[in-house]
Amino acid sequence: MNNSIDLYIYVIVALLPLSACMLIFQVNPYHALLLRGVLGAIAALVYAVLGAPDVALTEALVGTLLAVTLYAVAVRSSLVMRLGVLTSDSIDAGGDSEHLGELVADLRNIFSKHHMRVELVHYTNPKALQRALMDKDVHTTFAPQSLPEYNGQDHGGLITATQYCTATRVQRLYEIMKAELSSSEINLTYVSATEEKH
C-alpha cells in the first residue's frame, strides 16, 4: 500500500520537469502560456502532496493564475503589427480598397506564421499617416503614390501610374515582408524613425 502511494508521488513529481522541458521548447507563445499554466498547476499539486498547502495555494494563485494572466496580456499586446492606412473614404475615392484588401490578406497570412496579428489604424490624410509612423504609433504604413515617370493611365494628357508604398520602421518586420510579400505593385521601404526625428 505504501509503495503505491510513493509511486503516485513519483509520477506527479516526474511531471514537473517534463512539463518544464515542454515549455522551454515551445515555439508558439500561446501554447507556451497554456503549458505555463499546466506547469504551475503541477507545482501546486506537488507542494500539496508533499505537505505544504500554504505554498501550494500561493503557487496556484500567483504562479499559475496571476502569472498566466499577465503573460497573456503581454503576449496579446506585443504580437501585433499596427498597419496605418488612409480612411476608407480616401481609399474608396482613389480606388485603392482592392489593393489594401489584398495587402491586408497577404500580411495576415504572412504574420500568422510568426504568431502575430495585423491591426488596421485609420488616418485622414497622408501627412497624419507619415507622422504616426515617425511618432511610433504604427509599425508600418500603406499609401498610394502617383508616379508620373511610369507608363500608366491617361488622365487629360498626364501619364501617371499608381504604385503603393509600404514603409516600416521595424527592421525585422521589413525583413519578413521583403522575403515573403510577392506583389510587384507594392514598394517596400525601411524608415528609421530615430534618424528622421533628429
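**Notebook: looking through a predicted model**

I started at Leu65, which counts as exposed because its relative accessibility is 54%, above the 50% cut-off for that class. I noted that the model is a predicted one, and then placed Leu65 in helix 3, which covers residues 53-78.

I next looked up the surroundings of Leu65 on the surface, and found a nonpolar patch formed by Leu57, Leu61, Val62, Leu65, Leu66, Leu70 and Tyr71, with about 690 Å² of accessible area together. I then turned to the UniProt record, an unreviewed entry, where the annotation "transmembrane region" covers residues 7-25, 32-50 and 56-74. In the model, the chain over residues 56-74 is 100% helix and 0% strand, with its end C-alpha atoms 25 Å apart. Over residues 7-25 I read 95% helix and 0% strand, and there the end C-alpha atoms are 28 Å apart.

I went on to the cysteines, and the count of disulfides came to zero. Cys21 counts as partly exposed because its relative accessibility is 41%, whereas Cys165 is buried, with a relative accessible area of 17%.

For charged pairs, I searched the whole structure and noted five salt bridges. One of them joins Lys113 and Glu180, whose closest N and O atoms are 3.6 Å apart. This pair links distant parts of the chain, since Lys113 is in the loop between helix 5 (97-112) and strand 2 (117-123) while Glu180 is in helix 7 (residues 171-180), 67 residues apart. Lys113 is exposed at a relative accessible area of 53%, and Glu180 is partly exposed at 33%.

Glu175 is partly exposed at 37% relative accessibility, and Arg172 is partly exposed at 48%.

I also noted that Arg82, Arg117 and Glu119 are linked in a network of salt bridges. In the bridge between Glu119 and Arg117, the closest N and O atoms are 3.7 Å apart.

My last entry concerns helix 6, residues 126-134, where the buried residues are Leu129, Ala132, Leu133 and Met134. Just after helix 6, I read a positive phi of about 65° at Lys136.

Methods: Residues numbered from 1 in each chain as written. Predicted model: local features only at pLDDT ≥ 70, side-chain atom pairs only at ≥ 80, totals over all residues. Heavy atoms only, no water. Buried < 20%, exposed > 50% of the residue type's maximum accessible area, 1.4 Å probe, protein only. Helix = DSSP H or I, 4+ residues; strand = E, 2+ residues; numbered from the N terminus. Patch = residues over 30% accessible without salt bridge, like charges linked within 9 Å, V, L, I, M, F, W, Y side chains within 5 Å. Areas by Shrake-Rupley, 256 points an atom, 1.4 Å probe, with all protein chains shown as cover. Salt bridge = Lys/Arg side-chain N within 4 Å of Asp/Glu carboxyl O. UniProt positions renumbered as here; feature names shortened; annotations may be inferred. Disulfide = S-S within 2.5 Å.
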